Amino acid sequence: MSLQADTDTIVATATPPGRGGICILRISGPRAFELAGRVAGSPPPPRQAALRAMRDASGEILDRGLVLAFPGPDSFNGEDVVELHLHGSPVLAALLIRHLVSLGAREAGPGEFTRRAYTNGRLDLAQAEAVADLIASASAEAARAAMRSLEGEFSAGVGDLCEALVRLRVRLEAGMDFPEEGVDDYTDAELHAHLTDAMARLETLRNAAARGRVLRDGLTLVIAGAPNAGKSSLLNRLAGYEAAIVTEVAGTTRDLVREDILIDGMPVRVVDTAGLRVATDRIEAEGIRRARQAMAQADLLLLVQDAAVGPATLPAEELPAGIPVLRVLNKIDLVGVPAGMSSDGQGAAELRLSALTGAGIDTLRAYLKERAGYSGEAGGAFAARRRHLDALELAARHLVAARARLADSATVELAAEELRLAHRALGEITGQFTTEDLLGKIFSEFCIGK
C-alpha cells in the first residue's frame with residue numbers, strides 16, 4: 001500500500017468478522033458516492049441515516065439497511081465516505097464487497113482508512129497510532145491514555161517543544177550568519193536558560209510517554225524454575241483463577257501457558273514454563289527448549305525456587321543475558337519463613353512468598369508495578385509506543401550534546417546541528433519527518449477496515 005494508491009476507492013468491513021446484529025461496510029475514495037449509489041440508491045443527506053435496499057449485480061435485493069454519507073473533506077479521513085449498515089451475516093458482507101469490487105472498488109488493506117486520514121492531514125502520525133491503541137486497549141486507563149493521544153495531547157506537547165527548538169535554532173544560526181548584529185553571544189544566560197527549559201519539558205514528555213507505553217504494552221513476565229517449585233501455582237495466584245494445571249507430579253507443565261492479566265490496571269502477560277531439568281523424554285525436552293526461548297524474550301524473569309528444598313538455583317551462565325531476574329523463594333508456609341523482599345548480598349533481589357496462602361503476593365505486585373514504572377495513575381499519560389520513546393531519548397541526547405557544544409564558542413555550529421537533529425527526532429513522532437517504510441510498518445499493525 002503506497003501513498004500513490006490513495007486515488008483508489010476502497011471498501012472493507014468496519015466491524016469484527018463473524019455473525020452479529022449489524023455489519024458495517026465502509027467505502028472511501030473519489031467514487032464512494034457513485035459506487036454506493038449503484039448498490040443502495042442515491043446516498044442520503046450528509047450524516048443522516050436512511051433505509052435503503054441493497055442489491056447485487058442482477059438487481060436482486062440482498063438486504064435492507066441504513067446508509068450514511070460523509071462528504072470529504074469533513075469526514076474522518078478527509079475523503080468521501082459511505083457506510084452501509086446491514087445485518088451481520090458474513091455472507092451478505094462478502095457478496096456486497098464482491099459486487100463493489102466488480103464495480104471498481106478495491107478491498108482495503110490494514111489501517112488504510114486511517115492512513116488516508118494521516119496523508120490527508122486529518123490526523124498526525126501519533127494520533128493515527130492512537131486509533132489502533134484505543135481499539136486494542138486492555139484497560140480503562142489504557143483507553144483514556146489512547147483517547148488523550150487521539151485528541152492531540154501528545155502531539156501538542158511534541159509540537160510545543162519543536163517550536164522552542166526552532167526558536168533556539170534561529171537564534172544560533174542568526175548569530176553565526178550576522179555576527180555584526182550583536183546576536184553572537186553564545187554565553188548569553190537567556191539562551192542557555194531556554195535550552196535548559198526545553199530539556200526539562202522534554203523530560204516531562206518522556207515521563208508521560210513512558211507511563212503511556214506501560215499502559216499500552218504492559219510487562220511480559222516469565223516464570224521459570226525447577227519442576228514442582230510452584231510456578232503454575234504462582235501463575236494461578238496472580239491471575240486469580242486456575243489458569244494452569246497444578247499437581248504434585250513433576251513435569252505437569254509441558255508447554256508454555258500464557259495469561260493476560262491486569263495488576264491495578266497495568267497489563268501483564270504472564271508466561272508459565274516447563275520445569276528446568278534434564279529432560280526424560282522428547283516432549284519434555286521440547287517444553288524446556290520453549291521455556292528457555294520464552295525466558296530470553298521476557299521483560300522480567302521470575303526464577304522460582306522451593307523454600308523447602310533450599311537455595312539451589314540456576315547457574316548464572318544458564319540465565320538469558322540482559323534479562324532482569326527476580327529470585328522468588330516459594331512455599332515459605334512449609335518452612336515458617338516470613339514473607340518479604342531482601343537482597344542476596346550481591347545486589348540481586350529475592351522475594352519470599354507463598355503461592356498457596358498468598359503471603360507476599362502483594363509485595364510481588366508492587367514490585368512489578370515499580371519495575372515497569374507504573375504508578376497506577378494514568379492522569380497525564382498518553383498512549384505511546386517504543387518508537388516514540390526511542391525518538392524522545394534520541395532528542396534528549398542531542399540536546400545534551402548541544403548544551404556541551406554551546407559551552408565552547410568554537411563549536412557553536414555543531415550545537416546548531418545537534419538542535420536540528422533533536423528537532424528531526426521529535427518530528428518522527430508526529431510524522432513531520434518520516435519514510436514510506438515506517439508508514440508501512442505502522443499501519444500494517446492496524447485491523448482491516450480501520
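Author: Let's start with T273, which counts as buried at 0% relative accessibility in this predicted model. The cut-off for a buried residue is a relative accessible area under 20%, so T273 qualifies with its value of 0%. T273 sits in the loop between β9 and α9 (282–295). Its side chain has a polar atom 2.7 Å from the backbone oxygen of I223.

Helix α8 runs over residues 231–239. Seven of these nine residues are buried, so the helix is largely enclosed by the rest of the structure. The buried ones are K231, S232, L234, L235, N236, L238 and A239. What lies over them? Just past the end of α8, G240 has a positive phi of about 85 degrees.

To see this cover from the inside, look at one residue of the helix. L238 lies in α8 and is buried, with a relative accessible area of 6%. If you set aside its neighbours within four places in sequence, L238 is in contact with L221, I261, I361, L364 and R365.

Now for the pairing of α8 with α10. Their axes come within 11 Å and cross at roughly 75 degrees. The two helices are therefore roughly perpendicular to each other. On the α8 side, the contact is made by L234, R237 and L238, and on the α10 side by I361, L364 and R365. Sorted by class, the contact has four nonpolar, no polar and two charged residues.

Helix α4 (residues 125–135) packs with helix α12 (residues 412–430) at an angle of about 40 degrees, and their axes are 5 Å apart. That makes α4 oblique to α12. L125, A126 and E129 of α4 meet E428, I429 and T430 of α12. The residues of this contact divide into three nonpolar, one polar and two charged. Is α4 itself buried or exposed? Nine of its 11 residues are buried, so α4 too is largely enclosed by the rest of the structure. Among the buried residues are L125, A126 and E129, the three that meet α12. At the start of α4, a side-chain oxygen of D124 reaches to within 3.1 Å of the backbone nitrogen of A126.

A few backbone details in the loops deserve a stop as well. R47, in the loop between α1 (32–40) and β3 (50–55), has a phi near 60 degrees, a positive value in a residue other than glycine. R47 is partly exposed, with a relative accessible area of 44%. K331 also has a positive phi, near 65 degrees, and it is found in the loop between β11 (325–330) and β12 (340–343). K331 is partly exposed too, at 22% relative accessible area. In the loop between β4 (61–70) and β5 (81–88) you will find P73, which is joined to G72 by a cis peptide bond with omega of about 5 degrees.

Finally, step back to the whole chain. The protein chain holds 13 helices and 13 strands, and buried residues make up 47% of its 450 residues. Of its contacts with a separation of 6 or more, 64% are between residues 24 or more positions apart. The accessible surface of the chain comes to about 21,100 Å², with 53% of that belonging to carbon and sulfur atoms.

Note on methods. Residues are numbered from 1 along each chain as its sequence is written. This is a predicted model: local features need pLDDT of at least 70, side-chain atom pairs count only at pLDDT 80 or more; totals for chains, interfaces and linings use all residues. Side-chain values use heavy atoms; hydrogens and water are left out. Buried means under 20% relative accessible area, exposed over 50%, partly exposed in between (1.4 Å probe, protein chains only). Helices (H or I, at least four residues) and strands (E, at least two) are DSSP runs, numbered from the N terminus. Contact means heavy atoms within 4.5 Å. Accessible areas come from the Shrake-Rupley method with a 1.4 Å probe; for residues, only the protein chains shown count as cover. Axes are lines fitted to C-alpha atoms, for helices over the stretch in contact, and angles run from 0 to 180 degrees between N-to-C directions. Angles under 35 degrees count as roughly parallel, over 145 as roughly antiparallel, 65 to 115 as roughly perpendicular and the rest as oblique. Ala, Val, Leu, Ile, Met, Phe, Trp, Tyr, Cys and Pro count as nonpolar, Asp, Glu, Lys and Arg as charged, and the others, Gly among them, as polar. A polar contact is a pair of N or O atoms within 3.5 Å; within protein, one must be able to donate a hydrogen and the other to accept it, and residues adjacent in sequence count only if both atoms are side-chain atoms.
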